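Hi,

Here is the structure I promised to pass on. Have a look at it first, and then read my notes below.

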Amino acid sequence: MNIELLGWATLLGFLWYQIIAHYGISIGLHRYFSHNQFKCNTIHESVMLFMIMIAGARSPIGWIAAHRMHHTYSETEKDPHAYQNIGYLRALLSIWNIKKIPPRFARDLYNNPRLVWCHKHWLHFIVVWWIITMLIHPYFFLSFAFIPFVLSKAGFGLLNVICHWNGVRDVWWMNWILGGDGFHKTHHDNPKKLRLHKWDAGGWIAEKVFNRVG
């Protein structure tokens with residue numbers, strides 16, 4: 001094992017994850033697909049979904065519907081990934097499932113063919129991606145598949161626990177892994193607000209790149 005190359009691969013993986021966290025997850029999966037905060041073209045949508053799939057969010061339709069349920073039922077027994085309901089470990093590791101999602105939380109999503117394709121093929125995609133990156137080189141796999149997968153899972157889990165610890169709250173230092181979504185109480189107070197704070201990098205990028213809705 002080449003320690004120097006391993007270090008560079010780890011750093012590259014962390015930087016690659018920051019792009020995924022800000023552009024794919026925070027801007028794409030959260031602000032665009034879940035909350036319709038702005039408009040974009042199919043090219044941006046496709047790139048966002050590519051990053052979302054690498055992050056291992058499973059079905060984006062399932063994630064979006066669960067997030068909408070979370071906003072509707074936040075801090076109650078119906079909150080689908082509240083640690084108070086499912087336990088700390090399941091929340092931290094993002095290993096929760098929803099038995100039945102009410103259609104109203106996902107009906108509009110099935111009108112988007114790119115979302116539907118990802119919904120049907122998310123597992124095939126990530127398996128193929130991991131195989132391809134491993135065949136290129138183990139360090140390439142580390143940088144472009146494994147690290148973003150692990151950090152995104154950590155981000156989802158930590159958000160559901162730390163940002164909901166004894167009520168919804170902003171946790172500014174979480175933004176290194178959440179792309180700006182650490183300002184979580186601000187988001188819950190106004191789910192349509194695009195930029196959550198002056199240090200919300202994801203919101204700043206979205207403001208500069210995309211047109212606001214409304």
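Helix α3 covers residues 60-72, and at 1.5 Å a residue its 13 residues should span 18 Å; the end C-alpha atoms are 18 Å apart, so the expectation and the model agree. Bear in mind that this is a predicted model.

I started with α3 because eleven of its 13 residues are buried, so the rest of the structure largely encloses this helix.

**α3 against α6**

Of those partners, α6 is one I looked at in more detail. The α3 and α6 axes cross at roughly 105° and come within 7 Å, which makes the two helices roughly perpendicular, given that 65 to 115 degrees counts as such. On the α3 side the contact is made by P60, I61 and I64, and on the α6 side by L115, V116, C118 and H119. By class, that contact has six nonpolar residues, one polar and no charged.

**α1 against α10**

The other pair in my notes is α1 with helix α10 (residues 201-209). Their axes are 10 Å apart and the packing angle is about 75°, so α1 and α10 are also roughly perpendicular to each other. Here H22, I27 and R31 from α1 meet A201, G202, G203, I205 and A206 from α10. Sorted by class, the residues in this contact are four nonpolar, three polar and one charged.

**One more residue in α1**

Q18 also sits in helix α1. Is Q18 buried or exposed? Its relative accessible area is 16%, and since buried means under 20%, Q18 counts as buried. Which backbone atom lies 2.7 Å from a polar atom of the Q18 side chain? That is the backbone oxygen of W176.

If you open the model, I'd begin with α3, with eleven of 13 residues buried, and then turn to its contact with α6, where P60, I61 and I64 take part.

Cheers

Definitions and conventions: Residues numbered from 1 in each chain as written. Predicted model: local features only at pLDDT ≥ 70, side-chain atom pairs only at ≥ 80, totals over all residues. Heavy atoms only, no water. Helix = DSSP H or I, 4+ residues; strand = E, 2+ residues; numbered from the N terminus. Expected span 1.5 Å × (residues − 1). Buried < 20%, exposed > 50% of the residue type's maximum accessible area, 1.4 Å probe, protein only. Axes fitted to C-alpha atoms, helices over the stretch in contact; angles between N-to-C directions. Parallel < 35°, antiparallel > 145°, perpendicular 65-115°, else oblique. Contact = heavy atoms within 4.5 Å. Nonpolar A, V, L, I, M, F, W, Y, C, P; charged D, E, K, R; others polar. Polar contact = N/O pair within 3.5 Å; in protein donor to acceptor, adjacent residues only side chain to side chain.
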